[in-house]
Structure formats: structure tokens, C-alpha cells
Amino acid sequence: MATTSAGLLLYRRTGTADGGAGFEVLLAHMGGPFWARKDAGAWTIPKGELEDGEPPHGAALREAAEELGVALPEPPVPDVELGAVRQRSGKRVLAWAREAPPGVDLTDVRSNLVEIEWPPRSGRRLQVPEIDRAAWFAPDDARRVIVSAQAELVDRLAAHLAARPVVDPAADGRVPGP
């Protein structure tokens, strides 16, 4: 039976070479020996399964904090619902995006541990970090390394940010011009 997970796509705003506004997303590299030497398709948003009766957004926040091993920063703007995607395995992933405040890095990961059988069918059990590292990626790079179905979440975030330009408070609330 396919499961449902909830996750958080953390992002931060960046400047671009032409002076425009850009963004980066925080992705987590899956831990354990199977993923150790893989890059493409081995990165994910911090996510996990919902507990019985748990609100999905609450599960997304709990799972992101558990997998990153840090308290999540308070967002400067409300979280954005990104909807659901279905992964090749059948797992449904519900996602929200949260803007990280300026100066917050979140790449010093202290993930929770999970037990796996390795090598498969060997009977040998290992404890490995659920994620072994996290990194900030520009959208094009994120789409290259993230689990293929989750690339849609990066696209949805990009569309959301493009539709809501950053307001420059130094410009009396006006949107900066070209």
C-alpha cells in the first residue's frame, strides 16, 4: 500500500548576476550505503510519514526538524502550500515551502538514525542517518539531483515566487524596477 509523507522545501532568496532576484532550495541527501556514491536522484526535501491523526503541515514541520536535527527558523512570511506529487514508488508527498530568514544556513545536519538491512537480504542490521548531508541548490541544479517527481515542487515554488515579487522596504513599498 502506498504511503503518504509530508515535507518542507526550505528556500532562501539570492541575488542574481544581473541584479535580479533568485532563490535556492535546501535539499537533503539520503543516508546509508545505497545512496553514499549517488548524486542524481539521491536528494529529497526533508519529509516523512504522517502519524495517525496528525495534520499534514504539522507533520512536514516535525519531519524537517527531525531530519535536519535543528529547530526550524520562524519564517518571515507564511509557509506556501505546494500540493502533492506522486513518486515512482507510489508514495504521495504533500509539501510546503518555507522561506529561511537571511543568514540561516541549516546545512549542519544532525539527522535521526534509521535501521536498515545491509547488504540486502544479508540479515545484517545497521543504523544509518536518515539523511547524511544537506545543501543549498539553485533551481536548475536542484532539478538535476532531486528525486524526479519532487522536481515539480521546485517548479511550483519558482512559479509562486515569480508571481509575488519581493517588495523593497527602502523603496517605500514599491517593487524595484528593472
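Helix α1 covers residues 56–68, and its 13 residues should span 18 Å at 1.5 Å a residue; the end C-alpha atoms are 18 Å apart, which agrees. The expected span is 1.5 Å times one less than the number of residues. Helices here are DSSP runs of H or I with at least four residues, strands are runs of E with at least two, and both are numbered from the N terminus. The model is a predicted one, in which local features need pLDDT of at least 70 and side-chain atom pairs count only at pLDDT 80 or more, while totals for chains, interfaces and linings use all residues. Residues are numbered from 1 along each chain as its sequence is written, and side-chain values use heavy atoms, with hydrogens and water left out.

Which residues of α1 are buried? They are Ala 59, Ala 60, Arg 62, Glu 63, Ala 64, Glu 67 and Leu 68. Here buried means under 20% relative accessible area, exposed means over 50%, and partly exposed lies in between, with a 1.4 Å probe and protein chains only. Just after α1, Gly 69 has a positive phi of about 75°.

Stepping back to the whole chain, there are 3 helices and 9 strands, in the order β-β-β-β-α-β-β-β-β-β-α-α from the N terminus. Of its 178 residues, 41% count as buried.

Aromatic rings come next. The structure holds 2 aromatic pairs. Rings of Phe, Tyr and Trp (its six-membered ring) pair if their centres lie within 6.5 Å; planes under 30 degrees apart count as stacked, over 60 as edge-to-face and the rest as tilted. Phe 34 and Trp 35 have ring centres 4.8 Å apart and planes at 90°, so this pair is edge-to-face. Both partners are partly exposed, Phe 34 at 45% and Trp 35 at 23%. Trp 43 and Phe 137 also pair edge-to-face, at 4.9 Å centre to centre with 75° between the planes. Because Trp 43 lies in strand β3 (residues 43–44) and Phe 137 in strand β9 (residues 131–137), this pair ties together parts 94 residues apart in sequence. Trp 43 is buried at 4% relative accessibility, and Phe 137 is buried at 12%.

The loop between β7 and β8 (125–129) contains Pro 119. The peptide bond from Trp 118 to Pro 119 is cis, with omega near -10°. Arg 121 lies in that loop as well, and its phi is near 60°, a positive value in a residue other than glycine. Is Arg 121 buried or exposed? At 76% relative accessibility, Arg 121 counts as exposed.

Pro 139, by contrast, is buried at 15% relative accessibility and belongs to helix α2 (residues 139–145). The C-alpha atoms of Pro 139 and Leu 157 are separated by 9.5 Å, with the two residues 18 apart along the chain.
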